[in-house]
Amino acid sequence: MTLWNFLKDKIMLLLLHLLCMLGSFFYFSACGVNTGQLFLFYMAWLFLLTVYLLVIWRQRSHYFHQIFQILDTLDKPYLISEVMPDSWRLEDRLYRSVLKDSNKSVIDAVHHMETESTEYKEFIENWIHEVKLPLTSMNLMCDNRKASAWTPKDTALLKSHLSELENDVDKALYFARSDTVYQDYMIREISLENVLMNVIQRSRPYLIQNHVRIDMQAEAKTVYCDDKWLEFMINQIILNAVKYKKQDNCVITIRTRKETGSTTLTIEDNGTGIRQEELGRIFDKGFTGSNGRKNRRSTGIGLYLCRKLSRKLGITLEADSVEGEFTKISLIFPDGSQYFGRE
């Protein structure tokens, strides 16, 4: 900080002293004070003012020189508020407090971006391994059927693998869009029955291949939601139920229930179930549990995505299970008619 810049910053203080000098000069002259005495008085005034300004300029220059030196040595300059030298001045303490609050918000934003980037990287790595399985299976089928005709069983198996592949691709797409749901959704009144039928029809080859029966007990109820995102969530829950099915007689029961202020959609399977100590973690990213360790294809992403999307869409997601008996996932839709049902 140069002396000239410092003096320009103190221009109001200098003008105040100048006005005080002029006012006191006229007052002392009117009182008959000797000119020589006035000269000595104002020379002393100017001397003290000059010394004061030089001392303050020296202190401020040294203070900011320390700050810039520390700043040059920091790997993360935005942390300067944490290592700034102490100052007795109130304005310095206030500036430091402002910097700390500002830097905290920056650090939180950077941490959030780093977390999202890490999550997406881990997801893509898992997704690549997952999507290779149906691709490998289809390649093997094509190699084995080069010299012979395709049978209906081969076609059904190929369609099942294609259904898996389509789901894996959708999972990557929805994961990439999960943080910007608000840019790609439309809340409106939709039919739960139509959404459920679309999901079942889409997953039909995969369900048939795995000998899964759907017990539809849902009535034609309506909810306020985005049909595209809801179809993805329901599809993930159904596919998850198939992944952890028992060997025989796999049944997925779908029910709806209208309550005061909400509608509940329940998807229940008679599969392997979940241990009670693991039930609270099934929506965590990457959690596969004891069942997932037996099933090497589990990535712990499907239900994590469902929870993430449900929160953004205002849907409550609940889970209940008894190991070896059933797993039940409930989606609770709030009544949005008062907000979205107006003409």
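**Exercise 1.** Determine the handedness with which α9 passes α12, and how the two helices are oriented and packed.

Solution.
Step 1. The crossing of α9 over α12 is left-handed (left-handed if the near helix is turned anticlockwise from the far one by less than a right angle, right-handed if clockwise). Helices (H or I, at least four residues) and strands (E, at least two) are DSSP runs, numbered from the N terminus.
Step 2. The model is predicted: local features need pLDDT of at least 70, side-chain atom pairs count only at pLDDT 80 or more, and totals for chains, interfaces and linings use all residues. Residues are numbered from 1 along each chain as its sequence is written, and side-chain values use heavy atoms, with hydrogens and water left out.
Step 3. Helix α9 spans residues 227-243 and helix α12 residues 302-313; the angle between them is about 150° and their axes are 9 Å apart. Axes are lines fitted to C-alpha atoms, for helices over the stretch in contact, and angles run from 0 to 180 degrees between N-to-C directions.
Step 4. α9 and α12 are therefore roughly antiparallel (under 35 degrees counts as roughly parallel, over 145 as roughly antiparallel, 65 to 115 as roughly perpendicular, the rest as oblique).
Step 5. From α9, Trp 229, Phe 232, Met 233, Gln 236, Ile 237 and Asn 240 meet Gly 302, Leu 303, Leu 305, Cys 306, Leu 309, Ser 310 and Leu 313 of α12 (contact: heavy atoms within 4.5 Å).

**Exercise 2.** Give the strand order of the open sheet and locate its edge strands.

Solution.
Step 1. The 5 strands run in the order β2-β4-β5-β7-β6, with mixed pairing (two strands pair if DSSP finds at least two bridges between them).
Step 2. β2 (212-217) and β6 (316-322) are the edge strands, each pairing on one side only.
Step 3. From one strand to the next, the twist averages 15°.
Step 4. Within the sheet, β4 (residues 250-259) and β5 (residues 262-269) are antiparallel and share 8 bridges. Arg 255 has Thr 266 in β5 as its bridge partner.

**Exercise 3.** Classify Phe 6 and His 211 as buried or exposed, and describe the setting of each.

Solution.
Step 1. Phe 6 sits in helix α1 (residues 3-9). At 3% relative accessibility, Phe 6 counts as buried (buried is under 20% relative accessible area, exposed over 50%, partly exposed in between; 1.4 Å probe, protein chains only).
Step 2. Beyond its neighbours within four places in sequence, Phe 6 contacts Met 1, Leu 53, Ile 56, Trp 57 and Arg 60.
Step 3. His 211 belongs to the loop between α8 (204-209) and β2. With 67% relative accessibility, His 211 counts as exposed.
Step 4. Although not a glycine, His 211 has a positive phi of about 55°.
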